[in-house]
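Biologist: Hi! Could you walk me through this one while I have it open?
Modeller: Happy to, just ask away.

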Amino acid sequence: MKVLALGAHPDDIEIFMFGTLAAYAAQGAELTFAVATDGARGGKSDAAVLARVRREEATAAAVLLGAEPRFLGFPDGELVADAALIGTLKTLIGAIGPELVITHAPNDYHADHRALSDGVRIAASFAVPVLHADTMGGTGFAPTHYVDISAHAEIKAKAIRMHQSQDPDRFVDIARTQNLFRSGQCNGAQGSLAEAFRFEPMFPFADIRSLLPPAPAIRTVMVSSRRVD
């Protein structure tokens, strides 16, 4: 199976969907990580230096799963779903031929995320189904699918920490808190972790369950066995 992960900035794939991509890697999937912008506005360093450093960080994170990194090179903070972006995405999808594309939700917090989501939706067309990753903090997001990432929590944290230019421990904490909540939301085992996604059925793609790694196992809800006299 081929999976294309698309993030707006060099650390987005790691924060929002890396656990699921690790689950795919464990299944033998062929992964491609594509980063839309150069990330040059993600700090106070010289823009050219920061863009180079962030590219190196994203490459190091991709290597953890044996993924092929692609860098589309659009300016950070200026992404729009115009002909240039859509054309680039169409070419990328055509070259890779993925069975599934994962990208940002259309209502995520950053304008670059929203623009990429819109561009991917248009570029994917009839070629491939698109799965939307959870938003930052889960704000305004109603999941339709969950993936158990409990076995991949360590490598996800390691991948986020590859982005040392971004003060990554804060994102490790944010992601873990969210992944704990999402597992609890679908009645996962205590301490387990899950990433949440939303799929909007669109012809000809109506059901993608067979394309996803396993969700957290459903637990029986038990009535208390304690006797009170």
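Biologist: Is phenylalanine 171 buried or exposed?
Modeller: Phenylalanine 171 is buried, because its relative accessible area is 10%. Buried means under 20% relative accessible area, exposed over 50%, and partly exposed in between, with a 1.4 Å probe and protein chains only. This is a predicted model, where local features need pLDDT of at least 70, side-chain atom pairs count only at pLDDT 80 or more, and totals for chains, interfaces and linings use all residues. Residues are numbered from 1 along each chain as its sequence is written, and side-chain values use heavy atoms, leaving out hydrogens and water.

Biologist: Thanks! Which helix is phenylalanine 171 in, and what is it in contact with?
Modeller: Phenylalanine 171 sits in helix H6; helices are DSSP runs of H or I with at least four residues, strands are runs of E with at least two, and both are numbered from the N terminus. Leaving aside neighbours within four places in sequence, phenylalanine 171 is in contact (heavy atoms within 4.5 Å) with Asp11, Ile15, Met136, Ile160 and Gln166.

Biologist: Ile15 and Ile160, you say. Where do H1 and H5 meet?
Modeller: On the H1 side, Glu14, Ile15, Phe18, Gly19 and Ala22 meet Ile155, Lys156, Ala159 and Ile160 of H5.

Biologist: And at what angle do H1 and H5 cross?
Modeller: Their axes cross at roughly 140° and come within 9 Å. Axes are lines fitted to C-alpha atoms, for helices over the stretch in contact, and angles run from 0 to 180 degrees between N-to-C directions. H1 and H5 are therefore oblique to each other: under 35 degrees counts as roughly parallel, over 145 as roughly antiparallel, 65 to 115 as roughly perpendicular, and the rest as oblique.

Biologist: New topic: which residues touch the most other members of the largest nonpolar core?
Modeller: Among its 36 residues, those are Met17, Leu21, Tyr24, Leu31, Phe33, Ile102 and Leu131. A nonpolar core is a set of buried Ala, Val, Leu, Ile, Met, Phe, Trp, Tyr and Cys residues joined through side-chain atoms within 4.5 Å. H1 gives this core its largest share, 8 residues.

Biologist: Last one: which residues of H4 are buried?
Modeller: They include Ala115, Leu116, Val120 and Ala123. Among the elements covering them are S1, H1, S2 and S4. Just after H4, serine 125 takes a positive phi of about 45°.
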